[in-house]
Amino acid sequence: MRPHWKELLDWIKPEKFTAKDIERMEGLQPGEYEIHNEKLNNFLLEAREVFIRMGISSMLRSGDLAVGIYTADGDIVNSSTGTIIHTMTTLLPIKFVVKNWLDEPTVGIKEGDIFYSNEALYGGVHNPDQMAFMPVFNDGELIAWVAAVTHEPETGGTEAGGMVLTAKSRHYEGMKLSPIKIGENYQVRADMIEMMENFISRAPRMQTIDVKARCAACDRLRLRIQQLAQEKGNEFMRGLFCTTIRVAEEGAKKVISKWHDGTFRGVLFHDSVAGQDHLQRIYCTVRKEGEQVTFDFKGTSPENDAGSSHGFPHTLATATGMYLFPYPFHSLPFNAGSFTPFEWIVPEGCLWNPSPEAAVSNSGYMTWTVFGVLFPIFAKIIFTNDRKTVTGTTAGCGGGNIIAGINQYGVPVADIMAYPLNSAGQGARSDMDGTDSFGFAGIAAGSRGPDAEDVENEYPLLHLFQKHIRDGGGHGKYRGGTGVQSAYIVHHVPWLAYNCITAESKLVMSQGVFGGYPPSPFPGIDVRNTDIWEKMANAENDIPSDTVEMLDRKALKGDYVIQSEARPTKVLMNGDIFLASALGGGGYGDVLERDPLMVIKDLQKDLISHWAAKNVYHIAYDPDTLVLDLDKTAELRQNEREERKMRGLKPEDFKKEWAKLKPPEEVLDLYGSWPDAEKVRDVIRI
Amino acid sequence: MGKKIQITEYLDIDLEKELWCCNRCGRELISARENYKDGCLIYGRDPRTVYDPIIDAPYNFAHDPEWVRFVEFYCPDCGVMVECEMLALGHPITHDIELDVDKLKEKYLVTE
C-alpha cells in the first residue's frame with residue numbers, strides 16, 4: 001500500500017479536469033474568480049496567524065510553516081506564503097488518504113475527522129515535518145481538504161532535534177506516522193496525543209501544543225471554506241478551485257514559453273555527511289523545449305549508509321518549487337497547476353532516490369542542493385526575457401543549530417535556533433545587492449528570526465552577540481546579501497545538549513552568477529571552559545562582539561574547538577559557548593564593475609573588510625577617511641584586467657593541467673566514481 | 001555585425017554569424033553551437049585570494065583550495081570576467097549553456 005516513488009511524483013501534478021470541472025469553471029461569472037480567490041488568500045492568512053499564535057516551537061513561531069487548501073481529490077489550490085516546499089508535499093498524504101481510506105470501512109473519511117502524518121515515504125520531506133489535515137464537507141459532500149504543516153524540532157530519534165545527522169537507516173529517526181486519523185467529531189483523541197508524547201519524550205509539551213496548533217489552523221480554514229460554500233454552493237467552490245489551478249497552469253506555460261529552448265547544466269558540491277568531511281556532487285541538466293521543462297539529476301552522487309543526507313524524488317521535485325515560486329513564478333498562485341509543465345528524472349540509487357530504508361531525516365537541509373543548483377542554471381535560461389528576476393544563489397544556508405535538555409523552568413525542551421536559520425543572505429540581483437539577512441531561502445515571505453529576548457526567555461541561553469558576518473555575501477558587481485553570526489552561552493542550567501545539522505565549512509553550496517563569487521564558508525566553533533561569567537561580573541570591556549575578534553584576540557579564556565559546522569550531538573556545560581551562522585547569498589557580475597562608492601558604503605557598514613576592498617574590488621581610498629581615489633581605482637582595475645589576460649590560459653592548456661588535479665581521496669569515499677559520480681558499491685541496510 | 005541577442009550579463013549571440021560574443025567589447029569568442037567557455041581564457045583561482053581565511057586552521061573563513069577552486073572565464077580582449085564556476089579540483093568544466101540555436105534564430109530573426 002505504501003506508494004511507490006513514481007506514484008508520488010505523478011501525484012504532484014493535478015488531476016485532469018473532467019467535463020464537469022470545465023462546466024463548473026465556465027459557470028463562474030466575470031470577476032467571481034478574482035474576488036473569491038482573494039477570499040481564499042485571506043482565509044489562508046487568518047489560519048496562518050492562528051497557527052503562529054497557538055504554537056510554541058521556534059520554527060512555527062518564525063512563520064516557517066504552511067497552511068493550504070486542496071480539492072476533494074487532494075490537489076493543492078492555494079497556500080499561505082510560508083515554507084514553499086510544504087505547499088506541494090502536503091498534497092501527497094491527502095491523496096494517499098483519498099485513494100486508500102475513503103472506501104476503507106475501518107477508516108473512512110467523515111466530517112470532523114482529523115488526519116496526521118510525518119512520514120516522508122508517504123509524501124513529506126522528513127519526519128520532523130508534521131502535518132494535520134482535515135476534510136471539508138458541506139451538505140454531506142466532501143468538497144475540499146485543508147492542511148497545516150510545520151517542522152517539529154524533535155522526533156524521538158537517536159539524536160535530539162529530529163534531523164539525526166548520524167542515522168544510518170530509517171530506524172534511527174524516531175516517530176514516523178503514515179497518514180493516520182487522530183481525531184473525530186472535531187476533537188483530537190487523547191490516546192493519540194499520549195502516543196506522540198511517548199515518542200517525543202525529549203519535548204512532550206512542545207509536541208502536544210504544536211499538534212493542537214496545527215489542528216486549530218486546519219479547523220479555522222475548514223470553517224471559512226464551509227461558510228463560503230454555504231453562501232455560494234458546492235459547485236461554485238469546485239469551479240473556483242479548478243479555476244485557480246488552471247490560472248496557475250496557464251500562467252506557468254506563458255512564463256516558460258518566453259524562456260530559451262536548449263539544454264542547461266549546473267553542478268554543486270556538498271561537503272559533509274554525518275558530521276564528517278565527505279565530498280558529494282549534485283548534477284542537474286535542465287532541458288527546455290516549448291512549454292515543457294525536464295529536470296534530470298543523472299550524475300548525482302550515490303546513496304550511502306553513512307548518514308541521513310538523502311531525500312526522496314518527490315522531495316526533490318517539490319524543492320524545485322523553492323526556486324520557481326519565489327522567482328520566475330512569483331506572480332502565480334502556489335498550486336499544482338504550476339507544476340504541470342515539468343518532469344523530473346531522478347535515477348534510482350542516487351542520494352535523491354535511495355532505498356526506502358535509507359535515513360532521510362536531513363533531507364530538509366539537502367533541499368538546498370536542489371534549489372541551490374537551479375539559480376545559476378535558470379539565470380542563463382531566463383536572463384534575456386526576465387533579467388530582473390535573475391539572482392545569485394539564495395541558498396545561503398541558515399544554520400541548523402539544535403539544543404536539547406532541561407530548561408531554566410525544569411521543562412524538557414528540544415528546539416532549533418530559528419534566528420540563524422532564518423537570516424541567510426539573499427543572492428545578488430541583476431540590478432542591486434542581495435538583501436542582508438533576508439530570511440530562509442525556502443520561504444517566499446513571512447519567515448522571521450525570533451526575538452533574542454524570547455529565545456532567552458524560553459531556553460537556557462544568553463546571546464553573546466548576533467550580527468552580520470563581515471565578507472559573508474558573495475562578492476560581485478552586485479554583492480550577495482550577507483548572513484548572520486550568533487554566539488550562545490549556556491546559561492541557568494548545568495548542561496545542554498547541542499548539535500548542528502548544516503555544514504558548508506569546506507565549501508558552500510551557493511554559486512554566484514555571471515562572474516559573481518560564491519559566498520564565504522563559516523567554521524563550526526565551540527569554546528569550552530570559558531571565563532565569560534567572571535568577565536561579565538567584573539564588567540570587563542574586552543568581551544568579544546564578533547567571531548573574528550573572538551578568535552583573533554582570544555580575550556576569553558577557554559578551549560577553542562574549530563571544526564566543521566556540522567556537529568553530531570555533544571554536551572556543553574554552563575558557560576560554554578557555541579557559534580552559529582547563516583551564510584550569505586551568491587554575487588552577481590564581475591567585481592571590477594562594482595561601483596566603487598558601493599564598496600565604500602559596505603566598508604562604512606562593516607559588511608566587507610578592508611582586505612576585500614583592496615584585494616577583491618581593487619579600489620584606492622584613504623583607509624582612515626574612506627575618501628575614494630577614482631582615478632587610481634580605474635588604474636588598479638585596468639591593471640587587474642590586464643593581469644587576468646596574462647594569467648588566464650587557453651582552454652586546451654587549462655584543461656590539460658586541470659585534469660591532473662583531484663580532491664583528497666579520503667573525502668571522495670561517498671562521491672561515487674570520479675568525476676562522474678557513478679555508483680561504485682552496494683549499500684546494504686538492515 | 002549581425003543581429004545580436006544578449007544571453008547573459010556578458011555574453012551575446014550574433015544570430016547571423018552564429019557566434020558567442022563578449023557583450024562588453026564585442027569580441028567574437030566561438031561558435032554559438034559550442035561551449036562559450038572554450039572561447040575564453042581560463043584561470044583556476046585559489047578561493048583564499050577572494051576570502052581571507054583569517055585563521056590558520058583546517059576550517060576557516062575561506063573555501064578549502066584542496067577541495068575546490070573558483071574557475072574564472074575571461075574575455076581574451078577586454079578581460080571582463082564572463083563567468084565564475086566553483087568546481088571541485090579537476091572536475092570537468094560544465095557545458096552550462098547549450099542553446100537550440102535554430103529555435104533562437106527562428107524566434108528572433110524571423111519574428112522580428
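1. A:Phe264 stands opposite B:Ile97, which belongs to strand S8 of chain B. S8(B) pairs in the antiparallel sense with strand S8 (residues 262–273) of chain A over three bridges, where pairing asks for at least two bridges found by DSSP between two strands, and where strands (E, at least two residues) and helices (H or I, at least four) are DSSP runs numbered from the N terminus.

2. The model is predicted, with local features needing pLDDT of at least 70 and side-chain atom pairs counting only at pLDDT 80 or more, whereas totals for chains, interfaces and linings use all residues. Residues are numbered from 1 along each chain as its sequence is written, and chains are lettered from A and ligands numbered from 1 in the order in which they are written.

3. Between the chains, 53 residues of chain B are in contact with 60 residues of chain A, contact meaning that C-beta atoms, placed from the backbone, lie within 7 Å. On the side of chain B that touches chain A, S7(B) provides the largest share, six residues.

4. Chain A is assigned domain 1 (5–15 + 35–225) and domain 2 (259–593), with bounds from an automatic or database domain assignment. The centres of these two domains, taken over C-alpha atoms, are separated by 25 Å.

5. Within chain A, 57 residues of domain 1 are in contact with 64 residues of domain 2. Helix H5 (84–89) of chain A is among the elements that each supply at least two residues of the domain 1 side, and H5(A) gives the most to that side, with five residues.

Definitions and conventions. Contact = placed C-beta atoms within 7 Å.
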